[in-house]
Amino acid sequence: MRPLLSLVGLVVLSAGCVPRPATTQGQSIAGLWVVFGIASAAVGLVVWGLVTWSVIRYRARGSNELPAQTHGHLGLEIAWTAVPIAIVAGLFVLTYRTIGAVETTTGPAPVPITVTAFTWQWSFHYEGTAVTVTGARDRPPELVVPVGETVRVTLVSTDVDHAFYVPAFLFKRDAIPGHPSTFDFTVAAPGVYRGQCAEFCGLQHDSMAFTVRAVDRSTFSAWLAAGGAAPSGPPSPGASAP
C-alpha cells in the first residue's frame, strides 16, 4: 500500500510542475499529459511490483539451485508483446487526435492577427484595423486579445528562425523565414501571460519577450478604437501566469 501511495504522490507533485493551461487548446494538451502520466504510473507500478515480487519470492535461501523455469509459454509471449503494443498504439491515437484538434483552424476567426518576428523583437498587426503593436528592447510588446474568442495568428519571420512560446498556453510554434504558419488559440480567463522567443536567434535573443493580455470584449473593442493604447486596470487576481 505504501508504494502505491508514494507513486500517487509522485504523480500529483509532477502535475504541479505544469502551468495551469490558459487556453482551451492548452486544456486539451494538459488532458493528454494526464493520460500519459496515468499510463506511465500504471506500467511502472506493474514492472516495479513484478521485480520486487521476484526478488523477494526467489531470493537465495542457502541454495544456488534455480527455480522452476518456464519455456515456450505461448500465452505469456503473446501477452507481453500485445499489451505494450496496445498501450503505445492507444497513446499514439490519443496524441494524433489531440494534436490534430489543436492544430486545426476552421472557418473565419473573430480576431485575426499577424505576428511578425524579427531580430530582435515582435510586431502584432490586427488584421482589418490600423492597429500595429511593435516592441523595443526596453519596451516589450503586449498582445491584447478578448477572452473566450478565437484568435487566429499568422506567424511570420523576416530574417532568422524564431519561436512564439507562451508557457501558460502549453504551445510553441517556430517562425521560419519564408514559411508562414497559422494557428488558433482561445484564452479562457482574463489575465496577463508572459511569452518569449524560444529559439536562439542571436545576440539579443533574451530581449524577445512579450506578454498576452486577455480582456473582456468591451475592453478589447475600446482598446482597438483607441488605436492600441495600453488597457487600463490590472489583470484579474490570480490570472497571471509565468
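**Notebook: pocket, cavity, salt bridges and backbone**

I began with the lining of the largest pocket, whose residues divide into 15 nonpolar, 4 polar and 1 charged. I note at the outset that this is a predicted model, and that what I write here was computed from it.

**Entry on the pocket.** I looked up the volume of the largest pocket and found about 600 Å³. Of the 20 residues in its lining, those closest to the centre are Val46, Leu50, Leu76, Ala79 and Trp80. The most is given by H3, which contributes 8 residues.

**Entry on the cavity.** My search for cavities of 30 Å³ or more came to a count of 1, and the space in the largest cavity is about 50 Å³. I listed the residues that line this cavity as Thr23, Gln25, Val102, Phe169, Phe171, Phe183, Asp184 and Phe185, and they divide into 5 nonpolar, 2 polar and 1 charged. Strand S8, residues 181-185, gives the most to the lining of the cavity, with 3 residues.

**Entry on salt bridges.** I searched the whole structure and found 5 salt bridges, of which I wrote up some individually.

I first took Glu103 and Arg173, whose side chains meet in a salt bridge at 2.5 Å, N to O. Because Glu103 belongs to helix H3 and Arg173 to strand S7, this pair ties together parts that are 70 residues apart in sequence.

Next I turned to Glu149 and Arg217, where the side chains meet in a salt bridge with an N to O distance of 2.7 Å. Why does this pair tie together parts that are 68 residues apart in sequence? Glu149 sits in the loop between strand S4 (142-146) and strand S5 (151-157), while Arg217 lies in helix H4 (residues 217-225), so the link spans that separation. Here I found Glu149 to be buried, at 17% relative accessibility, and Arg217 to be partly exposed, with a relative accessible area of 34%.

The last pair I recorded was Asp174 with Lys172, whose side chains form a salt bridge at 3.2 Å, N to O. I noted Asp174 as partly exposed at a relative accessible area of 30%, and Lys172 also counts as partly exposed, at 41% relative accessibility.

**Entry on the backbone.** Which residues does a cis peptide bond join? I found Thr119 and Trp120 joined in this way, with omega about 0°. I placed Trp120 in the loop between strand S1 (111-118) and strand S2 (121-126).

I then looked up Leu170, a residue other than glycine, and found that its phi is positive, near 55°. Leu170 lies in the loop between strand S6 (162-166) and strand S7 (171-175). Is Leu170 buried or partly exposed? I recorded it as partly exposed, because its relative accessibility is 22% and buried means under 20%.

Note on methods:
Residues numbered from 1 in each chain as written. Predicted model: local features only at pLDDT ≥ 70, side-chain atom pairs only at ≥ 80, totals over all residues. Heavy atoms only, no water. Helix = DSSP H or I, 4+ residues; strand = E, 2+ residues; numbered from the N terminus. Buried < 20%, exposed > 50% of the residue type's maximum accessible area, 1.4 Å probe, protein only. 1 Å grid on protein atoms, 1.4 Å probe; cavity = no way out; pocket = protein on both sides within 12 Å on 5 of 7 lines; lining within 4 Å. Points joined across faces, edges and corners; volume = space filled by probe spheres on them. Nonpolar A, V, L, I, M, F, W, Y, C, P; charged D, E, K, R; others polar. Salt bridge = Lys/Arg side-chain N within 4 Å of Asp/Glu carboxyl O.
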